[in-house]
Amino acid sequence: MLKQQLQLKLTQKLSPQQIQLMKLVQLPTVAFEQRVKEELDENPALEPSDNENWDEEEDYEDPFDTGQEAYEDSQIIQADAINVDEYLSDDEIPDYRLYSNSYNNSDEEYGQPYREELSFHQYLLDQLSTFRLDDRQHDIAEFLIGSINDNGYIRRSMRDIADDLAFTQNLYTTEEEVERVLKTVIFQMEPAGIGARNLQECLIIQLKHKPQTAITELAIRILEENFDLFSKKHYDKLTQRYDISEEYLKEVIQEIEKLNPKPGSSYSEGGKYSEQIVPDFTITVNDGQLELSLNGRNTPQLHISQEYTEMFKTYRDSAEKDKQKQKEAVEFIKQKLDAAKWFIDAIKQRQNTLLVTMNAIMLHQKEYFLTGDETKIKPLILKDIAESIGMDISTVSRVANSKFVNTPYGTKPVKAFFSEAIKNDEGEDISTHEVKKILQTIIEGEDKRKPYTDDKLMELLKQEGYPIARRTIAKYREQLDIPVARLRKEL
């Protein structure tokens with residue numbers, strides 16, 4: 001049985017402008033700059049301002065106050081006074097495309113130079129021409145090169161590779177033949193150690209490429225016969241087994257430490273562009289006072305196209321015989337003008353949100369920004385900043401995410417100034433940054449012949465006034481990329 005009923009319900013819906021603002025807030029500087037360029041390309045009613053002191057309120061008269069009734073009250077005039085299609089033609093070059101985004105005062109424009117990159121695998125394939133191989137060996141070697149990962153290792157078994165050669169290349173071979181090509185061809189390539197199946201094999205291959213001395217020969221023996229003892233740093237057992245002194249073993253270890261555990265990375269990383277961080281904020285110290293500024297690329301000067309505004313007024317006030325066509329033209333122009341005005345407002349709100357949020361973070365961590373001492377970083381969570389500036393936690397999270405601040409002590413991610421709180425022996429809240437810094441200092445000052453265990457580190461931190469559990473010590477140590485005591489041991 002069907003029946004009708006009324007139900008009242010409160011729901012929260014975000015307007016398109018709010019969604020647009022949230023998306024802009026979370027963008028870092030470079031991505032935001034790209035977003036502005038995209039909007040300029042998509043909306044001809046939006047133009048960059050050539051005057052940094054331009055004031056939107058003075059130069060822009062809002063054409064939206066008249067309302068939709070203007071369509072019906074229009075006087076009859078010729079509508080072809082302005083040709084919208086001609087204005088939107090692809091043949092016309094918008095003004096903003098003629099502006100040069102450069103800090104060089106010269107009128108000359110220089111093209112961006114490019115260099116041709118050779119991939120890591122192509123570099124290995126090119127080396128095959130230096131070997132005397134028949135077609136069968138060449139196909140196997142080429143397939144092996146395709147199985148090498150970016151670190152330079154082959155992580156697949158010879159059986160799997162032989163099976164794949166049969167299925168994909170119609171080349172029937174054996175594990176022994178594949179391994180023979182691996183050792184006689186791939187292992188002889190540069191960089192040394194390429195194609196190894198594990199770390200042990202990789203290090204041995206590199207040592208065999210070196211001039212053979214008593215040190216390298218012993219290093220090869222140790223890696224071949226007692227790799228487990230070496231990796232676990234049981235140096236006392238190695239000295240007894242090979243009847244050598246600690247000083248001689250130390251020379252052997254130093255020879256091994258010169259090797260590259262990831263031979264592929266030495267080439268692949270060289271072909272990558274280094275990442276450049278563009279800070280979103282800058283904090284400076286002048287006469288003991290902190291000053292915060294926003295990167296200028298976060299606040300582009302935009303304004304509404306005057307030509308589009310005039311076009312809207314002309315079509316709104318005209319009396320086109322075809323009312324439907326006139327209404328569609330006016331609605332299209334108004335839509336573009338609306339979008340341009342919303343985008344300008346969103347940029348202003350984004351600028352204000354970024355400055356207000358970062359200013360609250362700066363004031364909370366004032367002692368650190370004045371001294372640069374990481375132990376001065378106070379406990380801080382997103383909720384603290386959200387409550388102090390009267391914004392939602394999600395908004396603060398969007399500001400902190402992927403943003404960087406340039407300080408007198410280096411460029412740091414905004415997220416670095418947020419940390420959990422723990423209590424010291426006096427009951428005061430301290431930041432985990434402070435504990436990690438002290439933990440790192442203690443480990444750096446330890447005797448590397450007898451490094452501190454996590455239990456010993458727990459005792460030392462307790463003496464410093466930081467009662468922390470051993471598992472917490474282990475967690476902080478891992479976050480600092482510090483290995484366990486056994487692996488920190490040195491001769």
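Visitor: Which backbone atom lies 2.8 Å from a polar atom of the side chain of glutamine 127?
Guide: That atom is the backbone oxygen of glutamate 190. Please note that this is a predicted model, in which local features need pLDDT of at least 70 and side-chain atom pairs count only at pLDDT 80 or more, while totals for chains, interfaces and linings use all residues. Residues are numbered from 1 along each chain as its sequence is written, and side-chain values use heavy atoms, with hydrogens and water left out.

Visitor: Where is glutamine 127, and is it buried or exposed?
Guide: Glutamine 127 belongs to helix H5, residues 120-127; helices are DSSP runs of H or I with at least four residues, numbered from the N terminus. Its relative accessible area is 14%, so glutamine 127 is buried (under 20% is buried, over 50% exposed and in between partly exposed, with a 1.4 Å probe and protein chains only).

Visitor: Which residues does glutamine 127 touch, leaving out those up to four places away in sequence?
Guide: Glutamine 127 touches Met189 and Glu190, where contact means heavy atoms within 4.5 Å.

Visitor: What is the peptide bond from glutamate 190 to proline 191 like, cis or trans?
Guide: That bond is cis, with omega near 0 degrees. Most peptide bonds are trans. Proline 191 sits in the loop between helix H8 (175-184) and helix H9 (199-209).

Visitor: Now the helices. At what angle do the axes of H12 and H13 cross?
Guide: The axes of helix H12 (residues 235-242) and helix H13 (residues 246-257) cross at roughly 110 degrees and come within 10 Å. Axes are lines fitted to C-alpha atoms over the stretch in contact, with angles from 0 to 180 degrees between N-to-C directions.

Visitor: Which residues make that contact?
Guide: Tyr235, Leu238 and Thr239 of H12 meet Glu246, Leu249 and Ile253 of H13.

Methods:
Helix = DSSP H or I, 4+ residues; strand = E, 2+ residues; numbered from the N terminus. Polar contact = N/O pair within 3.5 Å; in protein donor to acceptor, adjacent residues only side chain to side chain.
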